[in-house]
Amino acid sequence: MFRIAQKRILNDQVILMKIEAPYIAAKVDAGQFIIYRVDERGERVPLTVADSDKVNGTITIIFQTVGGSTQKLAALNEGDYILDVVGPLGVATEYEKDIKRVAVVGGGVGCAIAYPQSKKLHNMGVYVDLIAGFRSKDIVIIEDEMKEASDALHICTDDGSYGYHGFVTNKLQELIDGGAKYDEVIAIGPVPMMKFVCKVTEPYGIKTLVSLNPIMVDGTGMCGGCRVTVDGKIKYACVDGPDFDGHKVDFDELMRRNGTYRNQEKSHVCNLTGEVR
Amino acid sequence: MPNMSPNKTPVTEQDPKVRARNFKEVTLGYTPEQAMLEASRCLNCKNRPCTTGCPVGVKIPDFIAKVVEGRFEEAYAVIKSTNSLPAVTGRVCPQERQCESKCVRGVKGEPVAIGRLERFCADYVRENCSSASIEKPVLNGHKVAVVGAGPSGLTCAGDLAKLGYDVSVFEAFHTAGGVLMYGIPEFRLPKAIVSHEIDGLKELGVDIETNMVIGKVLSIDELLERGYEAIFVGSGAGLPRFMGIEGEGLVGVYSANEYLTRINLMKAYLDDYDTPIKRSRSVAVCGGGNVAMDAARSAMRLGAEHVYIIYRRSLDEMPARKEEVHHAMEEGIEFLVLNNPVKIDGDENGNVCGMTCIKMELGEPDESGRRSPVAVEGSEYELDVDTVIMAIGTSPNPLIRSTTPGLEANKRGCLVVDEESMRTSKDAVYAGGDAVTGAATVILAMGAGKKAAAHIDEYIKHKNN
Ligand SMILES: Cc1cc2nc3c(=O)[nH]c(=O)nc-3n(C[C@H](O)[C@H](O)[C@H](O)COP(=O)(O)OP(=O)(O)OC[C@H]3O[C@@H](n4cnc5c(N)ncnc54)[C@H](O)[C@@H]3O)c2cc1C
Ligand SMILES: Cc1cc2nc3c(=O)[nH]c(=O)nc-3n(C[C@H](O)[C@H](O)[C@H](O)COP(=O)(O)OP(=O)(O)OC[C@H]3O[C@@H](n4cnc5c(N)ncnc54)[C@H](O)[C@@H]3O)c2cc1C
Ligand code: SF4
Ligand code: FES
């Protein structure tokens, strides 16, 4: 049993929780994730570890309420318990050597996952442009944290209600056009967003890491459910990833496979589909 | 007076038509009368050929003699002295290739139904005898860690606990049991039985820590640093294989492991559990082992109209247990033997809408001694399916070997051990079960766990002397 030490509502769909999991907190690194099962009947659901506190033995998750399982989690409060939390899973992000400047691109709740990357790079002394995209002003999350974890924070909104008016890809293109020389780009968000970020960086040959979110069950390489095609080969996102070279990922296959249970999930909030992480 | 019937005493089974749509156990097991009748077919042979066929050396004629007398608890104790999971092995062992293949009664007629008798004893004792509370062994002050709570790990843990070791089992999943929990379906091995066996271990004092992926949250070296004097790795062979044919990335293609885990561990077939599973109309299962049978029969129980087993050799070469093949056929699974998938076809939305297969024939024997299947040129045809399940084998998960310096594996990814002691290339680390052999059987995994426990005991005693 894992106790919820803190709960913060970031916007009407996104929640932050700190969970007591000392073993995981001691080990986890940026890019890794956990799988939780809220109760006996729950599914196993993967969530990235957004932050960790080794002293207090807690990990932070930031999640969007999408369907039944995330709603069940969202319904819990401080002091409640989650039945199972397993992790840290996946390979921690490996950056290029001697990088000087990167763009970290986050989309929607994906910003929660981009944030630990940005923080780690920033602390390593790398110059970080953090480009964070949201549909509109009212769903912007963790702005202060992101500002602190980057050299320049570029918030973008689709409807122009806050920050830059346009998609993250437009902003990224502008920065490149303006002379920003990136050693690497890290894109984390909805699959279509990651796909289009890769389209932007490809002509410049900028290495682009994406963090993939296929449907998972065990998270240890046993079920094969999380397989993705990278460079024409089968890879398991849970053990080989979740980070991959975005220029080699078959995004269309990933999008299709993530829709496997779309019709079946009882309480799926359809208008959020594009925002599932 | 022995019962000279050439046939096994029949056992009651659920009607195939009914059971093909439910997850309740297929075989109902012997009544005490049936068990005694069957037991009296045993000739109590002096040279005990059956026992030599048992990988853990169950004293078969001895326990059967007790069944004849109706002393079921004593019979159970005889079995239990060498086999820690009789309720499990009585149900899933390939008896026809082990004990029963050696039985003298099998020369003229059918062998003694040793498996059914073993199962009967375990079930009888579980259901009728108040378990005398197990006496906890006196602790000897030494700690051992076991990685993986499958049959090999659990057996090793149980044996060490009985010797007084303080044993911790670390399991990646939220539930102990390994394949017994996530792979083998309820209709063949009720999960309550596995849980009962695991509860018995806990009573012995074995500590089972779930949600612990060794190699991630703690490495083998960190376990050693934490004071575990020896480690047994029983992490199984869970990594699924795919065929590498076109269309494996389509929606509706599963590995058998994913399909079965969703059903068995996550209870996707029950409405009040959250995990979803595809409700298929027509399913192709590629492979011919127990895993393929389980996936096919599960798909049938989820309501599919057609379920095909696609196997490239003939029925004779099929590696699955005979009984399971027989049960699957009774339930209406369609066997397409001497057939091989060539490509999976998808519709415009990326969903499986068919599979192209090719006919095969048997050619010259290959290195396994089996005649190798050869494609019949130009015999491709379309099979109408909306789901494809790959059950063509698994290999050991690389997680432990890739995070443990000094742990040697062969090119198939199996951990290398000294077969006598189950010791790996790394000091104080032992291994067994599917992690060493590749996908094998429950009883072999248990045998390996036992052997390792004995040598771990020797190693620790020796070290501390
Ligand atoms: C490695 C990894 C890390 C992740 N980290 C985060 C995170 O930090 N924060 C966050 O909000 N989300 C994260 N996700 C996505 C999160 O797991 C899904 O949003 C969640 O599974 C939805 O579950 P649900 O039951 O609420 O919705 P459901 O009703 O199960 O699903 C809603 C829709 O999402 C699809 N879906 C199911 N599982 C997944 C999945 N694993 N990924 C994508 N789509 C899925 C379904 O097909 C369905 O159409 C991560 C996913 C992965 C694989
Ligand atoms: C569907 C199916 C049907 C089968 N039917 C039969 C049958 O009828 N008869 C028969 O004899 N055999 C059958 N088998 C084979 C049999 O189940 C296996 O040979 C046996 O379970 C192997 O036991 P094991 O202990 O080596 O590994 P497993 O049962 O695989 O257990 C390994 C355990 O280790 C855990 N683990 C793995 N990695 C880690 C890690 N890094 N950290 C912590 N824990 C970890 C796993 O989660 C798992 O619980 C079947 C197998 C399958 C898949
Ligand atoms: S070989 Fe058959 S008949 Fe002989 S002792 Fe064993 S079970 Fe009985
Ligand atoms: S989640 Fe099962 S193999 Fe990755």
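What follows is a short chat about reading a ligand site, a helix and the cysteines in a predicted model.

Colleague: Before we start, what should I know about the numbering and the cut-offs?

Modeller: Residues are numbered from 1 along each chain as its sequence is written, while chains are lettered from A and ligands numbered from 1 in the order in which they are written. As the model is a predicted one, local features need pLDDT of at least 70 and side-chain atom pairs count only at pLDDT 80 or more, whereas totals for chains, interfaces and linings use all residues; side-chain values use heavy atoms, with hydrogens and water left out.

Colleague: Which residues come nearest to ligand 1?

Modeller: A residue is near a molecule if one of its heavy atoms lies within 4 Å of it. Here 27 residues sit around ligand 1, and Pro46(A), Gln64(A), Gly67(A), Thr70(A) and Asn258(A) come nearest. By class, that shell has 14 nonpolar, nine polar and four charged residues.

Colleague: And where are the polar contacts to ligand 1?

Modeller: Look for a pair of N or O atoms within 3.5 Å. A nitrogen atom of ligand 1 is 2.9 Å from a backbone N or O atom of Asn213(A), and a nitrogen atom of the ligand is 3.3 Å from a polar backbone atom of Pro214(A). An oxygen atom of ligand 1 lies 2.6 Å from a polar backbone atom of Asn258(A). As for cover, ligand 1 taken alone exposes 850 Å², and the protein buries 97% of that (Shrake-Rupley method, 1.4 Å probe).

Colleague: Now a helix. Is α3(A) mostly covered or mostly open?

Modeller: Check each residue: buried means under 20% relative accessible area, with a 1.4 Å probe and protein chains only. Helices are DSSP runs of H or I with at least four residues, numbered from the N terminus. α3(A) is mostly covered, with ten of its 14 residues buried, including Cys111(A), Tyr115(A) and Leu121(A). The helix runs over residues 110-123 and reaches 20 Å from its first C-alpha to its last, close to the 20 Å expected at 1.5 Å a residue (1.5 Å times one less than the number of residues). Just after α3(A), Gly125(A) takes a positive phi of about 90°.

Terms used:
Polar contact = N/O pair within 3.5 Å; in protein donor to acceptor, adjacent residues only side chain to side chain. Nonpolar A, V, L, I, M, F, W, Y, C, P; charged D, E, K, R; others polar. Helix = DSSP H or I, 4+ residues; strand = E, 2+ residues; numbered from the N terminus. Buried < 20%, exposed > 50% of the residue type's maximum accessible area, 1.4 Å probe, protein only.
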